[in-house]
Amino acid sequence: MSILESTRDVMRRDQVWSFLQEHEQKVDISHQVLLYVEGLNLSFDGFKALNDLNLYINDGELRCLIGANGAGKTTLMDVITGKTQCDSGSVYFGQSINLLDKDEAEIAQLGIGRKFQKPTVFEAHTVMDNLELSLKSNKSVLPTLLAVLTGEEYDRIDEVLETIGLKSERMMLAGSLSHGQKQWLEIGMLLMANPRLLLVDEPVAGMTVQEGERTAELLTSLAGERTVVVVEHDMEFVRSIAQTVTVLHQGSVLAEGSMDDIQNNQDVIEVYLGEAP
């Protein structure tokens, strides 16, 4: 392939990215609520995974979801991101975007990113490569291999490296990172797409105490500019970051409030915490 052809591929990639930015569907948050979940129901072979679940997440907040295994946390995230179809109910992103009409790729393009519990980074590539591969651009093979980063893209990568605390590890292979660093890198990969809503599943599982503290700082720093929803079982971690905690039980919301409110809620004590505070 000639240099001219390679340059044309790069230009096409940039044109596609510019088009997506210009035509990105606007999210109406005139009521300050980013995510509306109402009357959500889903059954698997007679098991009620979601039971008339109602949840409202404000724009820019950091929300923690807790609950025992089987409470519906993962199923809820599956429905929000288009991985699973519900039986009934509604899920809106802002006032007007019906997420139940979208597939997984369309939902991601709208600005909803999801991080699963186990990090899924490209271990044979550098930290820098992982972030570059996560740019919202044309992912076909030739443009990806031949693309030349723009100054704006370099700046974006540097900004994300600073945010996740991996600037000095930028040329390290991702497989050489610690478990905690891999988790941060995956969060960084999501941030490259500049999500409006970030769903994070058990971010501190398997981390050291120091890594957990750094993760708390990272997630807290992300709230405000974007909305962060964290599913977590570690109550000390939840206490360290939570603004509002939602407790799920048998597929519906059992309680909601501050961590102190939750820990003193008699219903929560009986069905989840299992003991008086």
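In the predicted model, Glu 38 is in contact with Leu 53, Asn 54, Tyr 56, Gly 89 and Ser 90, once its neighbours within four places in sequence are left aside. Glu 38 belongs to strand S1, which runs over residues 33-44. Its C-alpha atom is separated by 8.3 Å from that of Tyr 56, a residue 18 residues apart from Glu 38 along the chain. With a relative accessible area of 34%, Glu 38 is partly exposed.

The chain as a whole holds eleven helices and ten strands. Of its 277 residues, 48% are buried. Contacts between residues at least 6 apart in sequence were also considered, and 68% of these join residues at least 24 apart.

Helix H6 comprises residues 151-164. The 14 residues of H6 should span 20 Å at 1.5 Å a residue, and the end C-alpha atoms are 20 Å apart, in agreement with that value. The buried residues in H6 are Glu 153, Arg 156, Ile 157, Val 160, Leu 161 and Ile 164. Around the axis they cover an arc of only 135°, and they are therefore on the same side of H6. Glu 152, Asp 155 and Glu 162, on the other side of H6, are exposed. The helix is followed by Gly 165, which has a positive phi, near 75°.

Helix H7 comprises residues 179-191. Its 13 residues reach 19 Å from the first C-alpha to the last, close to the 18 Å expected at 1.5 Å a residue. H7 is mostly covered, with twelve of its 13 residues buried. Among them are the charged residues Lys 182 and Glu 186, together with Trp 184, Ile 187 and Met 189. The elements that cover the buried residues of H7 include strand S6 (112-115), helix H4 (127-133), H6, S7 and H8.

H6 and H7 pack at an angle of about 145°, and their axes are 9 Å apart. The crossing in which H6 passes H7 is right-handed. On the H6 side, the contact is made by Arg 156, Val 160, Thr 163 and Ile 164, which meet Trp 184, Leu 185, Gly 188 and Leu 191 in H7. By class, the residues of this contact are five nonpolar, two polar and one charged.

Helix H8, residues 209-222, has 14 residues and reaches 20 Å between its first and last C-alpha atoms, close to the 20 Å expected at 1.5 Å a residue. Its buried residues are Glu 211, Gly 212, Thr 215, Ala 216, Leu 218, Leu 219 and Leu 222. Viewed down the axis of H8, these residues fall within an arc of 165°, so they line one face of the helix. Val 209, Gln 210 and Glu 217 are exposed on the other side of H8. The cover over the buried residues of H8 includes strand S3 (62-66), H6, H7, strand S7 (197-201), strand S8 (227-231) and helix H9 (235-241). Just after H8, Gly 224 adopts a positive phi of about 105°.

Terms used:
Residues are numbered from 1 along each chain as its sequence is written. This is a predicted model: local features need pLDDT of at least 70, side-chain atom pairs count only at pLDDT 80 or more; totals for chains, interfaces and linings use all residues. Side-chain values use heavy atoms; hydrogens and water are left out. Axes are lines fitted to C-alpha atoms, for helices over the stretch in contact, and angles run from 0 to 180 degrees between N-to-C directions. Helices (H or I, at least four residues) and strands (E, at least two) are DSSP runs, numbered from the N terminus. A crossing is left-handed if the near helix is turned anticlockwise from the far one by less than a right angle, and right-handed if clockwise. Contact means heavy atoms within 4.5 Å. The expected span of a helix is 1.5 Å times one less than its number of residues. Buried means under 20% relative accessible area, exposed over 50%, partly exposed in between (1.4 Å probe, protein chains only). The arc is that of the directions from the helix axis to the C-beta atoms.
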